[in-house]
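This report describes helix packing and salt bridges in a protein model. The sequence and structure are shown below.

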Amino acid sequence: MALYQSALLQKVQQGRVKVNRKAYTRELMSIYANIPEERRADFSAIFAEREKNQVLAFGCNAWLGGLGIDRFYVGQPILGVIKLLTLGGFGVWILIDFFLIGGVARERSIEVAHSIRESMRA
C-alpha cells in the first residue's frame, strides 16, 4: 500500500495524474490510516490549518481570478504573477481555471498531508 501511495504522490507531483474527489478522499483516508492512533488528532489539527480548500480556491478564481489570487492561494506564485500581469490571460485563463483550480487545490492538499505524515515520523 505504501508503494502505491508513493507512486501516486510522484505522479501527482509530476502532473501526470489529476486527482478527482474520489481519489482525493481515498488517498487522505490511506494517509490517515498510516498514522499512529495517538498522533491522529495532531495530524487532523495540523492538516485542517494547512489544507487548501477547493471551494475557497474556486471563490478566489470567481471573484479575484484576474489578479491571480487563486494561484497564489494554492501555492503557485509564478503562475499567480503571470495571471496578474495578463489580467487572467485576458479572461481566458479565468474560464479555464473554473475547471482546473479545484483539482490543483486537491493536489496541494495531498502534498500537505504527505509532508505532515513524514514530519510526524521523524
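Is the crossing in which helix 3 passes helix 8 left-handed or right-handed? In this predicted model, helix 3 passes helix 8 in a right-handed crossing. The axes of helix 3 (residues 40-50) and helix 8 (residues 92-121) come within 10 Å and cross at roughly 145 degrees. On the helix 3 side, the contact is made by Asp42, Phe43, Ile46, Phe47 and Arg50, which meet Ser109, Val112, Ala113, Ile116, Arg117 and Met120 of helix 8. By class, this contact has 7 nonpolar, 1 polar and 3 charged residues.

The protein chain as a whole has 8 helices and 0 strands. Of its 122 residues, 39% count as buried.

| Salt bridge | N to O distance |
|---|---|
| Lysine 83 and aspartate 70 | 2.8 Å |
| Arginine 71 and aspartate 97 | 2.5 Å |
| Arginine 117 and glutamate 118 | 3.3 Å |

Salt bridges with shared partners join Asp70, Arg71, Lys83 and Asp97 into one network. Lysine 83 is buried at 0% relative accessibility, and aspartate 70 is buried with a relative accessible area of 0%. Arginine 71 and aspartate 97 are buried too. Because arginine 71 lies in helix 5 and aspartate 97 in helix 8, their pair ties together parts that are 26 residues apart in sequence.

Arginine 117 counts as buried at 8% relative accessibility, whereas glutamate 118 is partly exposed at 40%.

Notes
Residues are numbered from 1 along each chain as its sequence is written. This is a predicted model: local features need pLDDT of at least 70, side-chain atom pairs count only at pLDDT 80 or more; totals for chains, interfaces and linings use all residues. Side-chain values use heavy atoms; hydrogens and water are left out. Helices (H or I, at least four residues) and strands (E, at least two) are DSSP runs, numbered from the N terminus. Buried means under 20% relative accessible area, exposed over 50%, partly exposed in between (1.4 Å probe, protein chains only). Axes are lines fitted to C-alpha atoms, for helices over the stretch in contact, and angles run from 0 to 180 degrees between N-to-C directions. A crossing is left-handed if the near helix is turned anticlockwise from the far one by less than a right angle, and right-handed if clockwise. Contact means heavy atoms within 4.5 Å. Ala, Val, Leu, Ile, Met, Phe, Trp, Tyr, Cys and Pro count as nonpolar, Asp, Glu, Lys and Arg as charged, and the others, Gly among them, as polar. A salt bridge is a side-chain nitrogen of Lys or Arg within 4 Å of a carboxyl oxygen of Asp or Glu.
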